[in-house]
Structure formats: C-alpha cells, structure tokens
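Welcome, and thanks for taking a look at this one. Here is a short briefing to read alongside the coordinates, starting with a pocket and then moving on to the fold and the helix packing.

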Amino acid sequence: MNSIDTESTGEIIKKLRKDRHLTQEQLGEMIGVQKSAIAKYERGEIVNLKRDTIEKLAKIFEVRPSYIMGLVDTPIMLNDKEVKIIKAYRQASESMQTAICTLLEIND
C-alpha cells in the first residue's frame, strides 16, 4: 500500500463523503443511521463497523469494501466487462500484452 496505508477507516469515510459533497446527516440517511453515528465512524470511535454498513458505504461511494477498511489503496470497483478484459489480458501472450499496451498508449 502507499498513500492510504496511514488513513483510518474513519478518515477514508470522511474523505469519500466530502468528495461527494455529502453532509454527515445525508450520508446517515442513505445508510440508515443517525448523523451522530457517521461522526463517530469518522472520528474512529466505532472501529468495528458492521459488514452491511461497510457494504452500504461501498455501494454509495462506488468503491470496494476493502478500500473503506483501508486494506487496499485503490478504490476502483470493476464491472463484469472490465473483469473479463483483465482476465483476457492476463491470459494473453507477452507480445499480445505489449500490443494492447501500445494500442492504449500505456508505457511502463
């Protein structure tokens, strides 16, 4: 991990909430808790969030649950098509991978 490995779950929730211009009250309404619960999450007073709460937050913020928990440093959720593309790339020969990177203008 790099930049987020020092961020707590609460800091991540706060950042995601602010990035989406949501108040604590609005976010609380979206997941079915009081504003005070969101404030406690963000301050780190509640460290063991319920699984369904993490899943709701991930869905709202369109990130992986593991990102909210601070376990991975990339929030990206992939749809089925994107997963298939990645699997196909990984199964492709090295020369095909190089061609794909060239086509997409991806330089290592």
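The largest pocket is lined by I85, I86, A88, Y89, I100, C101, L104 and I106. Please keep in mind that this is a predicted model. The pocket has a volume of about 180 Å³, and its lining divides into 8 nonpolar residues, with no polar and no charged ones.

**The largest pocket**

- Two helices, α6 (80-91) and α7 (94-103), each supply at least two residues of the lining.
- The largest share of that lining comes from α6, which gives 4 residues.

**Overall fold**

- The chain has 7 helices and 0 strands, so along the sequence the pattern reads α-α-α-α-α-α-α.- The radius of gyration is 18 Å, well over the 13 Å that the globule rule gives for 108 residues, so the chain is more spread out than a compact globule.
- Taken along the principal axes, the C-alpha atoms fill a box of roughly 55 × 25 × 25 Å.

**Packing of α2 with α3**

- Two packed helices are described by the angle between their axes and the distance between the axes.
- Helix α2 (residues 24-31) packs against helix α3 (residues 35-43) at an angle of about 105°, and their axes are 8 Å apart.
- Because angles of 65 to 115 degrees count as roughly perpendicular, α2 is roughly perpendicular to α3.
- On the α2 side the contact is made by Q24, E25, L27, G28 and I31, and on the α3 side by K35, I38, A39, Y41 and E42.
- Sorted by class, the residues of this contact of α2 with α3 comprise 5 nonpolar, 2 polar and 3 charged.

**Packing of α1 with α3**

- Helix α1 (residues 9-19) also packs with α3, here at an angle of about 120° with the axes 6 Å apart.
- The two helices, α1 and α3, are therefore oblique to each other.
- From α1 the contact draws on G10, E11, I13, K14 and R17, while α3 brings I38, Y41 and E42.
- The contact of α1 with α3 has 3 nonpolar, 1 polar and 4 charged residues.
- I38, Y41 and E42 of α3 take part in the contact with α2 and also in the contact with α1.

Terms used: Residues numbered from 1 in each chain as written. Predicted model: local features only at pLDDT ≥ 70, side-chain atom pairs only at ≥ 80, totals over all residues. Heavy atoms only, no water. 1 Å grid on protein atoms, 1.4 Å probe; cavity = no way out; pocket = protein on both sides within 12 Å on 5 of 7 lines; lining within 4 Å. Points joined across faces, edges and corners; volume = space filled by probe spheres on them. Nonpolar A, V, L, I, M, F, W, Y, C, P; charged D, E, K, R; others polar. Axes fitted to C-alpha atoms, helices over the stretch in contact; angles between N-to-C directions. Parallel < 35°, antiparallel > 145°, perpendicular 65-115°, else oblique. Contact = heavy atoms within 4.5 Å. Rg over C-alpha atoms; globule rule 2.2 N^0.38 Å.
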